[in-house]
Amino acid sequence: MEAHVFSNLVVAGVLAIVLAIVLAIAIGVRRSDLWRASLVELTRRRPIALLVVASYVAIALLDSVSWVGGGAIGSEGNMLQQHQPRSLIDRAFPADFDEKSYSAPLASVEFYGGDPLSHPGRHLLGTDILGRDVLHLTLDGTRIALLVGGFTSLIVIPLALLVGMSAGYFGRWIDDVAFFVMSTLTSIPYLLLLIALIMAMGRGPVQVCVAMGVTSWVGFCRIVRGETFKLRELDYVQAARALGVSHFGLIWRHILPNLMHLVVITFVLTFSGLVLSEAILSYLGIGIDGSWGQMIDQARDELARDPIIWWNLAAASTALFGLILAVNFVGDAVRDVLDPRTLRERQ
Amino acid sequence: MLAYVFRRIGYGFVTLIGVLLLLFVLFFLYASPHEMARRAVGEKAPPEVLEQWIVNHGYDKPKVWNPEDPFDTLLAEHFRRTLTFDFGRSDADGTPILQRLREGSGPSLALAIPSFVLGLGFSVVLGLFVAYFRETYIDRMGVVLCVLAMSVSTLLYIIGGQFLIGKLLRWFPISGFDPSPSVIVRFLMLPLLVSLADGIGGSVRFYRTVFIEEGGRDYVRTARAKGCGDLRVMTHHVLRNALIPILTRVVVAIPFLFTGSLLLESFFGIPGLGSLTVDAIHGNDFSTLRAMVFIGSLLFIGAQIATDVSYTLVDPRVRLE
């Protein structure tokens, strides 16, 4: 099977999962007045941040749909380019858009030397050391950032909730086993474990996500376990147990809802944390190719040049900062809206 | 209580065995001695050279099972030597690992302890401050500042700090280290500032959430009703009841502290354990990596036991049996 067919299948699979989750959430929201009101409240409070997140998602989706051939490949388009799949975002840029080296934003000559560019004044954010358009590279980074944050969170949250609640609620041998696995994983410094796993599984986007999932579910799991431990001792849970509510019923109705605000906060912190960790991995040379982290890492050398190259660093860090900031703001609002205690106080 | 402590120490030992097993799987079974030798000597080395390297570094024993002598295997050797702190020599340059660990721990602690203590102190105090003014202009400003600070990548803090403070303002040296007491502070200031800036947003925000949640509980209302001042409620009631989440977070933060100094030390040229580890990663120095992982795990397991015991001290509702 050709590589691009396979990668499209993977993208289709991930899209299907995401759509299924969105559908499930939509049905849940429709069926409950409380959730519907929360959603309305959320859009009322954070319209801009939601819009920003939505546009990042839109760019990532546009960048995920790619196919070979078609489109306007110029007469100078080389053979390599003709056989590579190009996404909708790639097709928004001319096929032969590269320069020879650095050029400042909207410049008409090269930054060092001053040779004329082949596309003067058309590189909105300039070009990097290989002459690639920085705007194009930055847009491509969106897909990687969302993949890192979203895909890994899909692994982390269900796993941590399941293990954490069972361990905290049932205690006994379940807690012992969970504790053994968790302490073995957490006793190894985060970055070393991450590096060891990535080296063991090989480099690549999926491997990095899985390795980050394996290393980062434990932190949330410990919080869930600790909180469940505390909730279990509360009077109303004891009362419900005395009334004969089943274990599953207790966890579902009394423990899980009291953990949801933690899930949301953790999703936000994990999402941003994961995207930011990828930048650290890029510094160590085992990140994902084409990520914003790699662009920022390159800037270490570029800031030491004279005169300095600033647009590469500026573009990547602004894109990264914008995404994380918007996600954090949305997450905060989600928490305020969903937490009944905060709601009650306001009324 | 005492029985619980002993049992936790027993668990800790079991955990350590788990770590050693994981290390064995990753660094002996997955990345086999042949693989290590190839990476150390080079891809195109002749087989005799590879064999020689394996023999020289003592990796030539049977891995798990030796029919002649069950205890003369790599597995047994790995457990026996690591548990007795006999880490041997570095795979890369042959220096004794224990000596390098001893040399590196000073500079590491010189950076890690101030940044951990200052970071914790600042964020708890700021968290209390912001929670004290909740639902006001100050609270909203504080949260926005926290979120802004959290949204910046560690790499950017380091690169930006070196560029702004080191290169443009020339307040502190860009990188380097000197252990003599008169100048050590000058070299540590920049990494310390960077590490504080990097961590403070997330922590203050977390502690604010914890304090506000505690602040909404009934006993706080009772305390207010009987006439406690706001400040006394915050420090005597809320802070003390919030100790469990704080303790949990502090212990979870210890490995992250380690990774933080991993990056900082390597960026700022501090010859500590973090730099040692980064060098080991780049140089495929598996024996040093194993030693680092073991030491890190040992410290963390101790901290975990201490935390679980201290739960009973801060919250009598938690009973350890």
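What is the mean pLDDT of chain B, and what percentage of its residues reach 70 or more? The mean is 81, and 96% of the residues of chain B reach 70 or more, where pLDDT is the predictor's confidence in each residue, from 0 to 100. The structure is a predicted model, in which local features need pLDDT of at least 70, side-chain atom pairs count only at pLDDT 80 or more, and totals for chains, interfaces and linings use all residues. Residues are numbered from 1 along each chain as its sequence is written, while chains are lettered from A and ligands numbered from 1 in the order in which they are written. Within chain B, confidence is lowest in α11(B), at a mean of 73, and highest in α6(B), at 88. Where pLDDT is low, the predicted coordinates should not be read in detail. For the complex, the predictor gives an ipTM of 0.73 and a pTM of 0.76.

The secondary structure of each chain may be taken next. Chain A has 15 helices and two strands, whereas chain B has 13 helices and zero strands. Helices (H or I, at least four residues) and strands (E, at least two) are DSSP runs, numbered from the N terminus. The C-alpha trace of chain B spans about 80 × 60 × 35 Å along its principal axes.

Burial is defined by counting neighbours: a residue is buried if 20 or more other C-beta atoms lie within 10 Å of its own, exposed if 12 or fewer, and partly exposed in between, with C-beta atoms placed from the backbone. On this definition, 39% of the 347 residues in chain A are buried, and 34% of the 321 residues of chain B are. Contacts are defined by distance: two residues are in contact if their C-beta atoms, placed from the backbone, lie within 7 Å. Among contacts in chain A with a separation of 6 or more, residues 24 or more positions apart account for 60%. For chain B, 69% of the contacts between residues at least 6 apart in sequence join residues at least 24 apart.

The largest nonpolar core has 135 residues, of which V148(A) and I296(A) touch the most other members. Such a core is a set of buried Ala, Val, Leu, Ile, Met, Phe, Trp, Tyr and Cys residues joined through C-beta atoms within 7 Å. Helix α6 (residues 134-170) of chain A gives the most to this core, with 17 residues. Leaving aside residues up to four places away in sequence, I296(A) touches A279(A), L313(A), A316(A) and S317(A), together with S153(B), L155(B) and L156(B).

Helix α6(A) also packs with helix α3 (residues 47-64) of chain A, at an angle of about 100° and with their axes 8 Å apart. Axes are lines fitted to C-alpha atoms, for helices over the stretch in contact, and angles run from 0 to 180 degrees between N-to-C directions. Angles under 35 degrees count as roughly parallel, over 145 as roughly antiparallel, 65 to 115 as roughly perpendicular and the rest as oblique. The helices α3(A) and α6(A) are therefore roughly perpendicular to each other. On the α3(A) side the contact is made by Y56(A), V57(A), I59(A), A60(A), D63(A) and S64(A), and on the α6(A) side by L139(A), D140(A), T142(A), R143(A) and L146(A). By class, this contact has six nonpolar, two polar and three charged residues; Ala, Val, Leu, Ile, Met, Phe, Trp, Tyr, Cys and Pro count as nonpolar, Asp, Glu, Lys and Arg as charged, and the others, Gly among them, as polar.

The contact between the two chains takes 42 residues from chain A and 40 residues from chain B. On the side of chain B that touches chain A, the elements that each supply at least two residues include α1 (2-30), α8 (181-215) and α13 (286-314) of chain B. The largest share of this side, nine residues, comes from α11(B). By class, the side has 25 nonpolar, 14 polar and one charged residues.

Helix α12(B) is mostly covered, with seven of its 10 residues buried. Just after α12(B), N284(B) takes a positive phi of about 50°. F286(B) is found in helix α13 of chain B and is buried, with 24 other C-beta atoms within 10 Å. Not counting residues up to four places away in sequence, F286(B) touches F27(B), M36(B) and D91(B). The C-alpha atoms of F286(B) and D91(B) are separated by 6.5 Å, although the two residues are 195 residues apart along the chain.
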